[in-house]
Amino acid sequence: MSNWFETLEGIHTQVWDIMVQGVVDANNPARRPTFATVSPDNWPEARTVVLRGSDTEAAMVWVHTDLHSDKIRSLHSTPRAALHIWDADQALQIRMQAEIQITSGSTVQPIWDNIPDHSKQSYGVTPPPGTAIDTSLDYVKNPDPDTFAVLHCKIMQIDAVHLGEHHRRCSFSRARGWQGQWLSP
């Protein structure tokens with residue numbers, strides 16, 4: 001019997017198992033991936049987001065955001081993002097490239113209705129996120145469903161690196177029907 005990191009199928013399964021667990025387990029490394037975009041003036045931007053949904057069969061993940069955040073401006077300019085996860089326990093780095101669709105308004109109202117009150121505080125800050133303020137606490141949190149958005153991340157490419165005794169790297173792409181390819185680490 002081989003270890004999961006010795007086969008392409010094992011690595012692909014491990015990647016998606018980690019993503020699925022990231023939605024339900026607050027301690028899972030995939031719970032808070034780094035989400036990278038390119039700003040309208042072509043600067044790289046990276047921030048931590050919370051993984052809110054994962055669908056292995058559709059190769060999709062979801063995150064929530066405020067419609068006034070910098071990432072929304074960046075995604076309007078270039079509707080693509082990269083997600084990065086480091087799982088130290090598994091010695092596994094996961095990098096994903098995704099096409100992003102932004103949904104808001106009545107379409108996401110049922111999701112908003114199920115968000116705990118303390119989490120709703122992240123959507124509806126005055127002044128909007130990224131606005132210059134005079135002091136560190138010169139803002140007000142007013143939960144507002146009109147500022148809530150869901151980012152649908154259609155995964156296009158996965159690059160996985162296992163840093164065990166022998167380093168192994170592989171890629172999977174939607175274009176290849178998720179057939180894996182070994183890469184030099």
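**Note on a predicted single-chain model**

1. Fold inventory. The chain holds four helices and eleven strands; helices (H or I, at least four residues) and strands (E, at least two) are DSSP runs, numbered from the N terminus. This is a predicted model, in which local features need pLDDT of at least 70 and side-chain atom pairs count only at pLDDT 80 or more, while totals for chains, interfaces and linings use all residues. Residues are numbered from 1 along each chain as its sequence is written, and side-chain values use heavy atoms, with hydrogens and water left out.

2. Overall dimensions. The radius of gyration is 18 Å; a compact globule of 185 residues would have one near 16 Å, so the two agree. That radius is taken over C-alpha atoms, and the globule rule is 2.2 Å times the number of residues to the power 0.38. Along the principal axes, the C-alpha atoms fill a box of roughly 55 × 35 × 30 Å.

3. Burial and surface. Of the 185 residues, 37% are buried. Buried means under 20% relative accessible area, exposed over 50%, and partly exposed in between (1.4 Å probe, protein chains only).

4. Contacts and charges. Take contacts between residues at least 6 apart in sequence: 56% of them join residues at least 24 apart. Contact means heavy atoms within 4.5 Å. The chain carries 15 positive and 21 negative charges, and their mean positions are 4 Å apart. Lys and Arg count as positive and Asp and Glu as negative; His and the chain ends are not counted. Each charge is placed at NZ of Lys, CZ of Arg, CG of Asp or CD of Glu.

5. Strands β3 (residues 51–55) and β4 (residues 60–66) run antiparallel and are joined by four bridges. Two strands pair if DSSP finds at least two bridges between them. Asp55 has Met60 of β4 as its bridge partner. Gly53 stands opposite Trp62, also in β4. Four residues lie between the strands, and Ala59 takes a positive phi near 55°.

6. The other partner of β4. Strand β9 (residues 148–163) is joined to β4 by seven bridges, again antiparallel. Here Asp66 pairs with Phe148 of β9. Six of the seven residues in β4 are buried.

7. Ser74. This residue sits in helix α2 (residues 70–77). Its relative accessible area is 1%, so Ser74 is buried. Leaving out residues up to four places away in sequence, Ser74 touches Thr37, Val38, Ser39, Pro40 and Glu45.

8. Thr37. Strand β1 (residues 34–38) contains Thr37. Thr37 counts as buried because its relative accessibility is 4%. Thr37 and Ser74 are 37 residues apart in sequence, yet their C-alpha atoms are 6.5 Å apart in space. Beyond neighbours within four places in sequence, the contacts of Thr37 include Trp43, Arg47, Leu75 and Ala81.

9. Ala81. Strand β5 (residues 80–87) holds Ala81. With a relative accessible area of 8%, Ala81 is buried too. Residues up to four places away aside, Ala81 touches Phe35, Ala36, Thr37, Leu75, Met96, Gln97, Ala98 and Ile100. Ala81 and Ala46 are 35 residues apart in sequence and 9.5 Å apart, C-alpha to C-alpha.
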